[in-house]
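Dear colleague,

Please find the structure below, together with its sequence. My findings follow directly after it.

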Amino acid sequence: MAQRAFPNPYPDYNKSLAESYFDTAGRLTPEFSHRLNDKIRGLIQQMERGLKSADRRDGTVYTGWAGISLLYLHLYDLFGDPAYLQMAHGYVKQSLNCLTKHSITFLCGDAGPLAVAAVVYHKMNQDNEAEGCIARLMHLSKIDPHAPDEMLYGRMGYIYALLFVNKNFGEEKIPQSHIQQISEAVLTSGETLAKKKSFASKTPLMYEWYREYYVGAAHGLSGIYYFLMQPSLHVSHGKLYTLVKPSVDYVCQLKFPSGNYPPCVGDTQDLLVHWCHGCPGVIYMLIQAYKVFKDEQYLHDACRCADVTWQFGLLKKGYGLCHGAAGNAYAFLALYNFTQDMKYLYRACKFAEWCLDYGEHGCRTPDTPFSLFEGMAGTIYFLADLLVPTKAKFPAFEL
């Protein structure tokens, strides 16, 4: 872990240190808000220049045009400036020209561009276009009956797209029966694999991606269980307790002595502290498990995750969401919004301060340096989210 991160140069929370970032109610100080806003504006200008040379064929939320649209949609929701909605509209139209017609997920497939477009059109009062996108989104469930179950390329990524639409429309545009049908398929798939691969004595559910049993939020067990425990999926009380809870407990048993989690079942190397692989992504499953099952151990483990992220989360990989400082900072915001412990808001502010010096630490340049999940757009998204910490949610994942 230490080889992949910069040493954290910041003192941990105390009340006097926090006063320059927020008041006793958790409201950011005018000075810190001003610094964030200045950096957001500067990075947007830099991003727009960089996007002129981006891959024209990548329409995805993860590294392509739909991700840039999602950023501008978020900025519109935060600031109310119609210019941001127009930018979101332009980029999502571009993304709709790049659909792959074979992947169903929000982050890396066609569901993302279609869901974002539906919401953009809805906010622009172009209801016919919005309805057309929703119809196409619903049809995607028929494309790949053999899809995996994880977040980036599988059924959970599709479920997120459906929930994203319903949340932003404020009504059930996607019927609950459709969402439950997909979630039941995920449960059945997990039970089948656990029995087939002789995991059933350890955990009632198991999932694989590319012949590995991943643990993290992006490809693995913790991301899937985070969603299965969401009230909006309406998994029955019986299945929550007989299938999901023991499966969550199995993940908890994989924890390293450090408090971090392996990227895959059976991996003994304690290296990765990312949203995609490691404790900054597992923390969401643990917080949700505590909400549902009320077992204090889950909250204890979540706090351990936050401590590991604080120590090893300023990554040499960069400032992005998937595997960077901005994505790791969301772990603090998730725990702050659940516990109201100011320590976690302070830690998020310090990681934001690191991001305010974007490009000055000698980090690796991502393959898609201006994208939402690998690059600058994700950092902008986080800095904007921090302006109203109580509303902050990890994009394209947290509900």
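The crossing of helices α13 and α14 is left-handed. In this predicted model, α13 covers residues 325-339 and α14 covers residues 342-356. Their axes lie 8 Å apart and form an angle of about 160°. Angles over 145 degrees count as roughly antiparallel, and α13 and α14 are therefore described in that way. On the α13 side, the residues making the contact include Ala325, Asn328, Phe332 and Tyr336. On the α14 side, they include Met342, Arg347, Phe351 and Trp354.

Is Thr309 buried or exposed? Its relative accessible area is 0%, so Thr309 is buried. The side chain of Thr309 also reaches a backbone oxygen, that of Cys305, at 2.8 Å.

Helix α5 (residues 111-123) packs against helix α6 (residues 127-139) at an angle of about 155°, with 8 Å between the axes. The two helices α5 and α6 are therefore roughly antiparallel, and their crossing is left-handed. From α5, the contact involves residues including Ala111, Leu114, Ala118 and Tyr121. From α6, it involves residues including Asp127, Ala130, Ile134 and Leu137.

Helix α9 (residues 221-228) is mostly covered, and eight of its eight residues are buried. Among them are Leu221, Gly223, Tyr225 and Phe227. Which helices do the buried residues of α9 pack against? They pack against α7 (155-169), α8 (176-196), α10 and α11.

I turn now to the charged side chains. How many salt bridges does the structure hold? There are 13 salt bridges in the structure, and I describe some of them here.

- Asp301 and Lys255 form a salt bridge in which the closest N and O atoms are 3.6 Å apart. Asp301 lies in helix α12, while Lys255 lies in the loop between α10 (237-253) and α11 (279-293), so this pair ties together parts that are 46 residues apart in sequence. Asp301 is buried, with a relative accessible area of 2%, whereas Lys255 is partly exposed, at 24%.
- Asp149 and Arg155 meet through their side chains in a salt bridge of 2.7 Å, N to O. Both of these residues, Asp149 and Arg155, are buried.
- Arg57 and Asp55 also meet in a salt bridge, at 3.2 Å from N to O. Exposed means over 50% relative accessible area; Arg57 has 68% and therefore counts as exposed. Asp55 has 38% and counts as partly exposed.
- Asp12, Asp307 and Arg347 are linked in a network of salt bridges. Arg347 is also one of the α14 residues in the contact with α13.

With kind regards,
Your colleague

Key:
Residues numbered from 1 in each chain as written. Predicted model: local features only at pLDDT ≥ 70, side-chain atom pairs only at ≥ 80, totals over all residues. Heavy atoms only, no water. Buried < 20%, exposed > 50% of the residue type's maximum accessible area, 1.4 Å probe, protein only. Polar contact = N/O pair within 3.5 Å; in protein donor to acceptor, adjacent residues only side chain to side chain. Salt bridge = Lys/Arg side-chain N within 4 Å of Asp/Glu carboxyl O. Helix = DSSP H or I, 4+ residues; strand = E, 2+ residues; numbered from the N terminus. Axes fitted to C-alpha atoms, helices over the stretch in contact; angles between N-to-C directions. Parallel < 35°, antiparallel > 145°, perpendicular 65-115°, else oblique. Left-handed = near helix turned anticlockwise from the far one by under 90°. Contact = heavy atoms within 4.5 Å.
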